[in-house]
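Take a look at the fold shown here.

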Amino acid sequence: MVDETRVHSARRYNYWLGGKDNFAVDRESGEQIAAVFPTIRTTARENRGFLRRAVTHLTQEAGVRQFLDIGTGLPTADNTHEVAQRIAPGSRVVYVDNDPMVLVHARALLTSTPEGRTAYLEADLRDPGKILADPALRDVLDLDQPVALMLIAVLHFIRDTDEAAGLVRTLLDALPSGSYLVLSNGTGDFSDAETRARFEAMAARGQIDAWPRTRDEVRTIAEGLEILEPGIVAVSDWRADDEPQPRPTPAEVSVYGLVARKP
Ligand SMILES: C[S@@+](CC[C@H](N)C(=O)[O-])C[C@H]1O[C@@H](n2cnc3c(N)ncnc32)[C@H](O)[C@@H]1O
């Protein structure tokens, strides 16, 4: 059931990206956050740019042909399978989201090339066992071959870092050596004290549902993995030499990104 009275992160993010698939309650929450963090639209765009560059790298340079994209979001430009299949048409992608509205749009719009495959599961990141056991996932992904686990702007909805790290570990344990983690997560590390204080005030009023992480916390989540160059950086700075210059500042974006390989 799609609930129009409760804010949902997929629709609010769609609003920031300039989409039309959102309700008044999502726009109101989006504007509340924009009042505290005026560059949030830059953040959303840069996060999408990171997704595109990371998937391009993995498909083109690392030979990855399978993706498990949890927290898909509403379809927009350059969705994971489009980026991967442009380079390798046989790429296979399983999308997972817990918002029923995402799944309705995803089924209609995220269609695969004839050579590749896509599937969509309505499931929660907090239940990785259910995701991994789903027959639709097993039908599309061969878990004996490397898979890129994509957790883009979704893990920060899990507040507790130990819990977040545990979920990532459970998912990666099911994937073979040579698999990858692609992660982006909001951070307050680059913000000034005033922005942080305003954010904390919003959190105290219950207006925040995403929890920023420090670089050390992000590193904890990627423990045991080989983090690719340039390491844990603002998403706008991850292999962005070919992007229009000058880049936004890390403070304007305030999202960490990393790509890491399972040894
Ligand atoms: C900010 S959007 C990010 C979309 C996309 N990954 C991107 O980066 O462009 C977050 C998405 O995660 C989904 N989501 C949030 N919490 C989730 C959970 N616990 N399990 C599955 N999906 C979740 C939301 O429905 C939303 O579509």
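Helices and strands are DSSP runs, numbered from the N terminus; a helix has at least four residues and a strand at least two. Keep in mind that this is a predicted model.

Start with strand 4, residues 148-152. Five of its five residues are buried, so strand 4 is largely enclosed by the rest of the structure. In a regular strand, side chains alternate between the two faces of the sheet. Here Ala 148, Met 150 and Ile 152 point one way, while Leu 149 and Leu 151 point the other way.

Now look at the neighbours. Strand 1 (residues 66-70) runs parallel to strand 4, and three bridges join them. Leu 68 has Leu 149 as its bridge partner. Strand 5 (residues 180-186) also pairs with strand 4 in the parallel sense, over five bridges. There, Leu 151 stands opposite Leu 183. From strand 4 the chain passes through helix 8 (residues 161-173) to strand 5, in a right-handed β-α-β crossover.

Most peptide bonds are trans, and most residues other than glycine have a negative phi. The bond from Glu 229 to Pro 230 is cis, with omega near 5°. Pro 230 sits in the loop between strand 6 (226-227) and strand 7 (233-234). Gln 245 and Pro 246 are also joined by a cis peptide bond, with omega about -5°. Pro 246 belongs to the loop between strand 7 and helix 11 (250-253).

Arg 239 lies in the loop between strand 7 and helix 11. Its phi is positive, about 45°. Ser 254 has a positive phi of about 55°.

Technical notes
Residues numbered from 1 in each chain as written. Predicted model: local features only at pLDDT ≥ 70, side-chain atom pairs only at ≥ 80, totals over all residues. Heavy atoms only, no water. Buried < 20%, exposed > 50% of the residue type's maximum accessible area, 1.4 Å probe, protein only. Pairing = 2+ DSSP bridges. Right-handed = clockwise from strand over helix to strand, strands pointing away.
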